[in-house]
Amino acid sequence: MKRYDDALQTMKDVPYDKWRDYDPEDTIRFYALRLHEVEMIKSSPQKIIAQGTDWRFLNQLKRELKG
């Protein structure tokens, strides 16, 4: 139950209203590392980023919001 409580607190601490201020890759790396440390996931942050991310949509959205 401790691992669940730790993960729940981590998700509650995520500042969803600040998503434009943070680098998404750094954010994924940070939270993947935290989840890896409490053994909720087995993959390393690097593997998750390499296999599970596609930045094309987010990059397009950022360009549209700037213009």
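**Labels and their cut-offs**

Tutor: The chain has 4 helices and 0 strands, where helices (H or I, at least four residues) and strands (E, at least two) are DSSP runs numbered from the N terminus. Read along the sequence, the pattern is α-α-α-α. This is a predicted model, so local features need pLDDT of at least 70 and side-chain atom pairs count only at pLDDT 80 or more, while totals for chains, interfaces and linings use all residues. Residues are numbered from 1 along each chain as its sequence is written, and side-chain values use heavy atoms, with hydrogens and water left out.

Student: Why is Glu39 called exposed?
Tutor: Buried means under 20% relative accessible area, exposed over 50%, and partly exposed in between (1.4 Å probe, protein chains only). Glu39 has 57% relative accessibility, so Glu39 counts as exposed. Glu39 is found in the loop between helix 2 (24-37) and helix 3 (45-52).

Student: What is there to say about phi of Glu39?
Tutor: Phi of Glu39 is near 60°, which is a positive value in a residue other than glycine.

Student: How do you know that Glu25 and Arg29 form a salt bridge?
Tutor: The term asks for a side-chain nitrogen of Lys or Arg within 4 Å of a carboxyl oxygen of Asp or Glu. In the pair Glu25 and Arg29 the closest N and O atoms are 3.0 Å apart, so the pair forms a salt bridge. Both residues lie in helix 2, 4 residues apart, about one turn of the helix.

Student: What makes Glu25 partly exposed?
Tutor: Its relative accessibility is 31%, so Glu25 falls in the partly exposed class. Arg29 also counts as partly exposed, because its relative accessibility is 31%.

Student: What makes Arg34 and Glu37 a salt bridge?
Tutor: Their closest N and O atoms are 3.1 Å apart, so the pair meets the salt-bridge definition. Arg34 and Glu37 both lie in helix 2, 3 residues apart, about one turn of the helix. Arg34 is partly exposed because its relative accessible area is 25%, and Glu37 is partly exposed with 49%.

Student: Are Asp54 and Arg56 exposed or partly exposed?
Tutor: Asp54 has 46% relative accessibility, so Asp54 counts as partly exposed. Arg56 has a relative accessible area of 63%, so Arg56 is exposed.

Student: What makes Phe57 an exposed residue?
Tutor: Phe57 has 65% relative accessibility and therefore counts as exposed. Phe57 is found in helix 4 (residues 56-66). Phe57 and Asp5 are 52 residues apart in sequence and 32 Å apart in space, C-alpha to C-alpha.

Student: Why is Leu33 called partly exposed?
Tutor: Leu33, in helix 2, has 33% relative accessibility, so the partly exposed label applies. The C-alpha atoms of Leu33 and Ser44 are separated by 7.1 Å, with the residues 11 apart along the chain.

Student: Where is Met1 placed, and why is Met1 called exposed?
Tutor: Met1 sits in the segment before helix 1 (2-12). Its relative accessibility is 74%, so Met1 counts as exposed. Met1 and Ile48 are 47 residues apart in sequence and 25 Å apart in space, C-alpha to C-alpha.

Student: How does the radius of gyration of the chain stand against a compact globule?
Tutor: The radius is taken over C-alpha atoms, and the globule rule is 2.2 Å times the number of residues to the power 0.38. A compact globule of 67 residues would have a radius of gyration near 11 Å, but the chain has 14 Å. Along its principal axes the C-alpha trace spans about 45 × 25 × 15 Å.

Student: What share of the 67 residues is buried?
Tutor: Buried residues make up 12% of the 67 residues in the chain.
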